Amino acid sequence: MGSKEKRDHGGNLDAAIARHGGTRAEWIDLSTGINPVPYEMPRIPPLAWTALPDSAASARLVETARAFWNVPADADVLPVPGASAAIAQIPRLAPARRVSIPGPTYNEHAASFAFAGWEVVDGIAQVEASVRVHPNNPDGRTWDSNELKGDLRVIDESFCDVVPERSLIDQASIPGTIILKSFGKFWGLAGLRLGFVIGDPDLTGRLREMLGPWAVAGPALHIGTAALRDAAWAAATRERLQKDAARLDEMMERAGAGVVGGTTLFRLYDVDTAKTWQAKLAEKRIWSRVFPYDPTWLRLGLPDGEGWSRLNDALA
């Protein structure tokens, strides 16, 4: 993927409304890969809102994250205000040279490295850094540890909580390695802005200084700790997502789409003309994701509740 590629994203429902009309409440946004059945919010102590985030709450979250992701003892865990905040800063952790980011993939990585002066290359030849989105967005491809190159190795596991057995968390103890975790995707609370950087203590320490004090809000520390402790919810959610992804594939195949891949939080389809499909769905106030680099790729997140029947009717 070229470094000049437009930083387009899903979740741009305002653009859909401006183009096709309606109000936000009338739309179903399937352009993202966010769990449509979010973790139920626990009771939040009033002090989480009124006091500065304290170190004890942060320490509890870190301890819980270590246990949930089986983080190696010699790797550091840094909570951040969303994985995107870390992605914007990571290129500054090493001198700008060449970074391998095979595309197509989540475009913020290439954009951030390019902005910091790096040369972004698609291959895996001689490079000083590498980024692998694991599983990849949008096609769901996974990577092996031997495909990580350079002295700075970034593994973006924002969608890996649906397939924890594929995690490369064991790589977190290798110097120069950073693993990103997103809280908003799997737990469905993207607006909370919580993520994690796991890996080389030297790198996470420098990121900690870049982000400054109190980077993660008190309510996010509290909610994140409760959610990561709830193993039963995580297991049940993985099972539900697997069934719902299969249901969506069946529905789309009946409508004439071909399955390319994805994860159980989003599915990627091959269609004749993606923009035509997007416009057809938009007529029924359902927003989808198309890509500037492939006119036949259409990505859908999972519906919920009445969204299933509305999507089925829109595809008819």
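Modeller: Strand S7 (177-182) is mostly covered: six of its six residues are buried. This is a predicted model, in which local features need pLDDT of at least 70 and side-chain atom pairs count only at pLDDT 80 or more, while totals for chains, interfaces and linings use all residues. Residues are numbered from 1 along each chain as its sequence is written, and side-chain values use heavy atoms, with hydrogens and water left out.

Colleague: What makes the residues of S7 count as buried?

Modeller: Buried means under 20% relative accessible area; exposed is over 50%, and partly exposed lies in between (1.4 Å probe, protein chains only).

Colleague: What makes S7 a strand, and what makes it a partner of S6 and S8?

Modeller: A strand is a DSSP run of E, at least two residues; a helix is a run of H or I, at least four; both are numbered from the N terminus. Two strands pair if DSSP finds at least two bridges between them. Four bridges join strand S6 (residues 152-156) to S7, and the two run parallel. Five bridges join S7 to S8, running antiparallel. Both counts meet the cut-off, so both are pairs.

Colleague: Which residues face each other across these pairs?

Modeller: Asp156 has Leu180 in S7 as its bridge partner. In S8, Lys181 is partnered by Phe196, and Ile179 by Ile198.

Colleague: How many residues of S8 are buried?

Modeller: Five of its five, which leaves S8 mostly covered. Gly195, Val197 and Gly199 point one way, Phe196 and Ile198 the other.

Colleague: Where do these strands sit in their sheet?

Modeller: The sheet is open, with seven strands in the order S2-S8-S7-S6-S5-S3-S4 and mixed pairing.

Colleague: Why are S2 and S4 called edge strands?

Modeller: S2 (76-80) and S4 (119-121) each have a single partner strand, so one side of each lacks a neighbour in the sheet. Neighbouring strands are turned by 20 degrees against each other on average, direction ignored. The angles come from lines fitted to C-alpha atoms, for helices over the stretch in contact, and run from 0 to 180 degrees between N-to-C directions. Five bridges join S2 to S8 (residues 195-199) in the antiparallel sense. Val80 has Gly195 as its bridge partner there.

Colleague: Which helix packs on this sheet, and what makes that a contact?

Modeller: Contact means heavy atoms within 4.5 Å. Helix H3 (residues 55-69) touches S2, S7 and S8. Its direction makes about 120 degrees with that of S2.

Colleague: Why is helix H5 described as largely enclosed?

Modeller: Six of the eight residues of H5 (residues 108-115) are buried, so the rest of the structure largely encloses this helix. They are Glu108, His109, Ala110, Ala111, Ser112 and Phe113. Their cover includes H4, strand S3 (98-100), S4, strand S5 (129-133), S6 and S7. Just after H5, Gly117 takes a positive phi of about 100 degrees.

Colleague: What makes a space a pocket and not a cavity?

Modeller: The test uses a 1 Å grid over the protein atoms alone. In a cavity a 1.4 Å probe fits but cannot get out; a pocket is an open set with protein on both sides within 12 Å along at least five of seven lines. The largest pocket holds about 550 Å³ of space. Of its 32 lining residues, those closest to its centre are His9, Tyr106, Asn137, Phe159 and Lys185. Lining residues have an atom within 4 Å of a point. Helix H4 (83-89) and strand S12 (289-291) each give two or more residues to the lining. H4 gives the largest share, three residues.

Colleague: Which strands form the sheet of four?

Modeller: That open sheet has the order S9-S10-S13-S12, with antiparallel pairing. S9 (258-262) and S12 stand at its edges, each with a single partner strand. S9 pairs with strand S10 (residues 266-270) over four bridges. Gly261 stands opposite Leu268 in S10. Helix H8 (residues 231-254) packs on this sheet, touching S9, S10 and strand S13 (294-301).

Key:
Grid points are joined across faces, edges and corners, and a volume is the space filled by probe spheres set on the points.
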